[in-house]
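Hi,

Here is the structure I promised to pass on. Have a look at it first, and my notes on what turned up follow below.

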Amino acid sequence: MIGGTAVVLVASTRAARGVYEDHSGATLVDWLRSAGFSTPDPIVVEDAHFAEAFETAVADERARPRLIITSGGTGLSSDDRTVEAVAPHLDYEIPGVMYALWRKGLESTPTAVLSRGVAGVIGRSLVVTLPGSPGGVKDGIAVLDGIYPHVLNQLEDRHDH
């Protein structure tokens, strides 16, 4: 069965401090809920506290969400540390997912290749780090919508072909 639980973590110091309202997290949550996932509202944290929030989200194997999507913190700024927070927890990476995301982004934005995102697996959970931009999130949804059912089935050792 596809669905289950999902969580969206947003790394944005300015949004966490109320300087502006984050829309990327809400867009992702709306998509996940429409796909049948039980998903709380996005968790928006300052970049400096992202690692702690991510560790909390993945700590309990029995309660770990099937799908964990992050937004923000994948760029080149000194406080963009999402990849460094996520990568050590991955059992293995899925580089093709990131390739697909970069390729989709390049259709409209030459700077899409500057995202240092990572995708991979922790236990039976799919983890994908997306840029924080609205376009990056839109591209992420376009790519993930076509692959997440197959990935989640494979992680449960079920095959949908």
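Where does threonine 109 lie? Threonine 109 sits in the loop between α5 and β6, with helices (H or I, at least four residues) and strands (E, at least two) taken as DSSP runs and numbered from the N terminus.

Before the rest, some housekeeping. This is a predicted model, in which local features need pLDDT of at least 70 and side-chain atom pairs count only at pLDDT 80 or more, while totals for chains, interfaces and linings use all residues. Residues are numbered from 1 along each chain as its sequence is written, and side-chain values use heavy atoms, with hydrogens and water left out.

Threonine 109 is partly exposed, with a relative accessible area of 32% (buried is under 20%, exposed over 50%, partly exposed in between, using a 1.4 Å probe and protein chains only). Its side chain makes a polar contact of 3.4 Å with the side chain of serine 108. By polar contact I mean a pair of N or O atoms within 3.5 Å; within protein, one must be able to donate a hydrogen and the other to accept it, and residues adjacent in sequence count only if both atoms are side-chain atoms.

Now the cores. A nonpolar core here is a set of buried Ala, Val, Leu, Ile, Met, Phe, Trp, Tyr and Cys residues joined through side-chain atoms within 4.5 Å. The largest one has 26 residues, and Leu32, Ile69 and Val128 have the most contacts inside it. At least two residues each come from β1 (4–11), α2 (24–34), β4 (67–71), α5 (95–106), β6 (119–122), β7 (125–130) and α6. The largest share, eight residues, is supplied by α6. There is also a second, separate core of 17 residues, with Val7, Ala11, Phe54 and Ile68 among them.

Just after α2, glycine 36 has a positive phi of about 95°.

A polar contact of 3.1 Å joins its side chain to that of tryptophan 31. Valine 143, also found in α6, is buried, with a relative accessible area of 14%, and touches Ala100, Leu101 and Lys104, not counting residues up to four places away in sequence. The C-alpha atoms of valine 143 and alanine 100 are 6.8 Å apart, although 43 residues separate them along the chain.

In strand β7, have a look at serine 125. Serine 125 is buried at 4% relative accessible area, and its side chain reaches the backbone oxygen of proline 65 at 2.5 Å.

Last, the largest pocket, with a volume of about 720 Å³. Pockets were found on a 1 Å grid over the protein atoms alone, as open sets of points where a 1.4 Å probe fits, with protein on both sides within 12 Å along at least five of seven lines; lining residues have an atom within 4 Å of a point. Grid points are joined across faces, edges and corners, and the volume is the space filled by probe spheres set on the points. Of the 39 lining residues, Gly72, Thr74, Pro131, Gly132 and Ser133 are the closest to the centre. α6 gives the most to the lining, with five residues.

Cheers

Notes: Contact means heavy atoms within 4.5 Å.
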